[in-house]
Amino acid sequence: MYPSRFSYDAPTTVAEAIDLLRRAGGEAKVLAGGQSLVPMMKLRFASPEMLVDINNIPGLAYHSADPDGTYRIGALCRHEDLEKDAELVTQQPTIAAAAPVIADPIVRTRGTVVGSLCHADPQGDWASVMSALGGSIVAEGPSGRRSIQCAEFVNGPFQNLLEFDELAIEAFVPPPVGARSGGYLKLERRIGDFATVGVAVSVESSGDQVTRAGIGLTGVGPSTICAEAAAELLVGQDLNPETIHRAAELASEISQPRSDHRGSAAYKRHVVATFVTRILSSLELATREAA
Amino acid sequence: MTSLFEVVSEEASADTPIRRLTVTVNGNQHTLDVEPRLLLAHLVRQALGLTGTHVGCDTTNCGACTVLFDGSPVKSCTMFAVQADGHEVTTVEGLASASELDPIQEGFKDEHGLQCGFCTPGMMLSAKALLNENPDPTEDEIRWALSGNLCRCTGYQNIVKAVLRAAAGLRNQEDAGEDETS
């Protein structure tokens with residue numbers, strides 16, 4: 001299968017890339033990992049007139065923490081780069097848990113985190129993870145840089161808030177208030193499938209008290225769901241079985257799953273509650289007994 | 001029969017964007033003029049005649065078209081040829097030397113790691129990338145590393161055995177090499 005005809009450029013600076021996007025006037029797409037874009041172009045769901053390949057721009061493949069704890073993922077950081085980073089489990093446990101369950105190993109060598117976020121597939125894993133973590137996208141355009149909260153970045157299926165002449169150059173997670181813990185669990189029928197249910201949990205804590213929390217749900221609604229009430233309930237609490245149980249129930253209630261070939265709505269709701277419970281109970285912070 | 005590569009070239013008119021690329025495939029450098037929409041899979045199959053790379057699903061699911069791109073496994077149906085400009089590609093034809101098979105190929109031969117053989121090139125290249133990074137993988141690690149490659153004969157059992165044997169073969173080879181030099 002061939003995509004329809006397009007012109008191609010592979011700039012070597014961010015400024016050049018932005019200029020190409022600006023001159024294309026909204027008819028260009030950015031090519032990073034291409035693991036969603038290329039299949040969509042081959043199936044002719046997407047027919048951009050131009051591709052701006054950013055793979056030759058040096059300095060975008062990073063993933064690292066600033067001294068203040070802000071965690072940055074550059075536009076060319078591949079899923080595999082995160083999967084192979086042994087330190088990530090302690091630094092960013094939710095991201096570390098998600099990276100190995102994105103698509104399949106071959107896709108992970110090419111696909112990028114920022115590209116996935118921009119692709120804005122309603123059933124994508126990273127949007128839940130980054131929403132739970134309170135992450136943002138940094139967009140650079142002709143008039144400079146701006147940050148957009150991941151929870152607001154997607155404004156429709158396969159649509160995001162980027163202007164046509166803006167390039168998403170990184171995603172970042174703000175520093176934690178206290179210690180960071182969390183996880184991501186994904187139920188999939190087979191490797192490479194979309195999530196039947198995916199649950200991202202991020203917990204920040206000081207002593208045994210939760211200072212900040214986020215819960216993102218994948219695959220159980222028309223798009224990513226932020227289970228805000230469930231997350232807020234945890235703040236100021238210790239993670240005892242009763243609190244965990246109530247958070248799991250609230251997350252399950254806010255999910256809007258549909259019955260399909262991956263399972264019934266009731267089953268998916270059950271899995272949401274189970275995954276929230278499983279992740280929270282696995283954290284070091286969790287206590288065995290109700291307070 | 002007209003190849004897809006030629007179809008793309010024949011259709012080309014004055015305003016067709018053509019890019020020149022230089023790519024090293026199995027150690028040989030090639031410079032070609034291609035349309036940006038030519039896929040890497042079609043570059044190696046049609047333009048270079050290396051038909052060992054199989055196109056299976058053509059939708060980024062099956063992994064049959066896996067090649068090594070700068071040593072990493074990629075689905076060559078999901079990359080454009082122009083993206084390989086200045087890079088190194090290894091296809092299944094690049095595994096064996098003139099005189100002997102690669103230990104991966106020996107493993108697949110000895111353990112009967114194939115039935116119809118369609119998925120085999122992709123399986124072997126994913127396995128090659130795994131063993132380059134991890135010369136002594138567990139069975140679980142092999143299954144994990146090959147989870148992007150589908151075998152519809154479901155010969156997975158023997159494929160995993162083949163990779164285990166290849167790993168042992170490679171380690172023996174290295175030990176023998178060390179003995180010779182010591």
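## Domain division of chain B

Chain B is divided into domain 1 (4–94) and domain 2 (103–176), the bounds being taken from an automatic or database domain assignment. In this predicted model, local features need pLDDT of at least 70 and side-chain atom pairs count only at pLDDT 80 or more, whereas totals for chains, interfaces and linings use all residues. Residues are numbered from 1 along each chain as its sequence is written, chains are lettered from A and ligands numbered from 1 in the order in which they are written, and side-chain values use heavy atoms, with hydrogens and water left out.

## Extent of the interface

The C-alpha centres of domain 1 and domain 2 of chain B are 24 Å apart. Contact (heavy atoms within 4.5 Å) links 17 residues of domain 1 of chain B with 13 residues of domain 2 of chain B.

The two domains of chain B bury about 1100 Å² between them, and carbon and sulfur atoms give 66% of this area. Buried area is the accessible area (1.4 Å probe) that two parts lose on being put together, summed over both. On the side of domain 1 of chain B, the residues losing the most area to domain 2 are His54(B), Leu68(B) and Val92(B), together 39% of what that side buries.
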